[in-house]
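Thanks for sending this one over. Here are a few notes to read alongside the model.

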Amino acid sequence: MIVSMTNGTIDFLKKIQHQHSDKQVQLMQGDNSTIAYYEGEEPSIFEESRDYEIVDSTGDVQNSGFVVTNNIPVSEEGRATFEDRFKSRKGNVEGMDGFQAIRILRPKQGKTYVVFTQWRDKESFDNWRNSQSFEQAHKKSGPEHKQKPSFIDGDAYIMHYRMVNPED
């Protein structure tokens, strides 16, 4: 299973979505960007895309909700360690109220993995961020830890999006 994403204006991406109405193309809008998201067995349907393999997943990506992408550059030698960490996670996020889906995405090119989580709404995500489960899952990362894991190869960044309803 692959995931492909591409950026563009909302109008441009809606045209792509319409052209590929037989595929599950979902749109996400953030403060500074809009993304078309495709998940399936076929190669990317976008001319210019960021393509990923799904390392691990739970839940189905919905047409509505709040999406958080944690973009993490991982060294070549650290890929197996990074992936094993997520594959052996306790699964606490899946049990949170408002959780919809998670995807751990390995880049087909480059070194930046994406941890994609989808929530019913921003409040559900904020509740997760303020929970004991979040604290347990992230006890060895974050600003209070001076040294990042050796497999991290650069600065990670987080993006927030709202799903765009196809009828809008």
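1. Which residues does Ile-104 touch, not counting residues up to four places away in sequence? The list is Glu-53, Ile-54, Val-55, Asp-56, Phe-82, Phe-86, Val-114 and Val-115, where contact means heavy atoms within 4.5 Å.

2. A word on the ground rules: this is a predicted model, with local features needing pLDDT of at least 70, side-chain atom pairs counted only at pLDDT 80 or more, and totals for chains, interfaces and linings using all residues. Residues are numbered from 1 along each chain as its sequence is written, and side-chain values use heavy atoms, leaving out hydrogens and water.

3. Ile-104 is also among the residues touching the most other members of the largest nonpolar core, together with Phe-82, Val-115, Trp-119 and Trp-128. That core has 20 residues (buried Ala, Val, Leu, Ile, Met, Phe, Trp, Tyr and Cys joined through side-chain atoms within 4.5 Å; buried means under 20% relative accessible area, 1.4 Å probe, protein chains only). A second, separate core of 15 residues includes Met-28 and Val-67.

4. Within it, β6 (residues 99-107) and β7 (residues 112-119) share six bridges, and Arg-103 has Phe-116 in β7 as its bridge partner.

5. Thr-117 sits in β7 and is buried at 11% relative accessible area. Its side chain makes a polar contact with that of Trp-119 at 3.1 Å (N or O atoms within 3.5 Å, one able to donate a hydrogen and the other to accept it; residues adjacent in sequence count only if both atoms are side-chain atoms).

Terms used: Pairing = 2+ DSSP bridges. Helix = DSSP H or I, 4+ residues; strand = E, 2+ residues; numbered from the N terminus. Buried < 20%, exposed > 50% of the residue type's maximum accessible area, 1.4 Å probe, protein only.
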